Amino acid sequence: MFTRVCKSETIAEGGMRLVIADTHLIVLAWPDNGEIRAFQGVCPHSATALNEASFDGTVLTCPLHFWTWDLNSGAPVEPQESPLAEYPVKIEDGVVYIDTEGVSPLFVDP
Ligand code: FES
């Protein structure tokens, strides 16, 4: 079931923000020349919230140990193995909705 999270005007192309949908912390990002996408908002490395992460319009970087992901896909950029889990997003009448059903954040083995 899709949950309303924010107005689409609160995110600009090349930008990202953290949102919460159904208790899931989520990175909502609009990559340059891409589409708005939603990924887990906690780092797969040690479950740190990604609110301090930097985003250059393509690559998201965790500030703790600098793991990186391409937010066009959630795939890792550096050699670390773990992708980010992606949530379905839809935008209707200027409102962003995210469906969290069946999606869980991914974590590396401890
Ligand atoms: S906690 Fe994110 S890279 Fe280590």
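1. Serine 8 touches Ile91, Gly94, Val95 and Val96, leaving out residues up to four places away in sequence; contact here means heavy atoms within 4.5 Å. Serine 8 sits in the loop between strand E1 (2-7) and strand E2 (16-21). Strands are DSSP runs of at least two residues (E), helices runs of at least four (H or I), and both are numbered from the N terminus. Serine 8 is buried, at 19% relative accessible area. Buried means under 20%, exposed over 50%, and partly exposed in between, with a 1.4 Å probe and protein chains only.

2. A word on the basis. This is a predicted model, in which local features need pLDDT of at least 70, side-chain atom pairs count only at pLDDT 80 or more, and totals for chains, interfaces and linings use all residues. Residues are numbered from 1 along each chain as its sequence is written, and side-chain values use heavy atoms, with hydrogens and water left out.

3. An unreviewed UniProt entry carries the annotation "domain: Rieske" for residues 3-98. Its positions are given in the numbering used here, feature names are shortened, and annotations may be inferred rather than shown by experiment. In the model, the end C-alpha atoms of residues 3-98 lie 5 Å apart. The span is 43% strand and 0% helix.

4. Cysteine 62. This residue is in the loop between E6 and E7. Cysteine 62 is buried, with a relative accessible area of 2%. Beyond its neighbours within four places in sequence, cysteine 62 contacts Cys43, Leu50, Ala53, Trp67 and Trp69. Its C-alpha atom is separated by 9.8 Å from that of proline 44, 18 residues apart along the chain.

5. Histidine 24. Strand E3 (residues 24-29) holds this residue. Histidine 24 counts as buried, at 19% relative accessibility. Its side chain makes a polar contact of 2.8 Å with the side chain of tyrosine 87. A polar contact is a pair of N or O atoms within 3.5 Å; within protein, one must be able to donate a hydrogen and the other to accept it, and residues adjacent in sequence count only if both atoms are side-chain atoms. Residues up to four places away aside, histidine 24 touches Val19, Tyr87, Thr100 and Val103.

6. Salt bridges. The count is two, taking a side-chain nitrogen of Lys or Arg within 4 Å of a carboxyl oxygen of Asp or Glu. Glutamate 86 pairs with arginine 37, with the closest N and O atoms 2.8 Å apart. This pair links distant parts of the chain: glutamate 86 is in strand E9 (residues 86-87) and arginine 37 in strand E4 (residues 37-40), 49 residues apart. Glutamate 86 is partly exposed at 32%, and arginine 37 is partly exposed at 25%. Lysine 90 forms a salt bridge with glutamate 92, at 3.6 Å between the closest N and O atoms. Lysine 90 is partly exposed at 30%; glutamate 92 is partly exposed at 39%.

7. Backbone points to check. Most residues other than glycine have a negative phi. Phenylalanine 66 has a positive phi of about 65 degrees. Phenylalanine 66 lies in the loop between strand E6 (59-61) and strand E7 (68-70), and counts as exposed at 56% relative accessibility. Aspartate 93 also has a positive phi, near 50 degrees. Aspartate 93 lies in the loop between strand E10 (89-92) and strand E11 (95-99). Aspartate 93 is exposed, with a relative accessible area of 82%.
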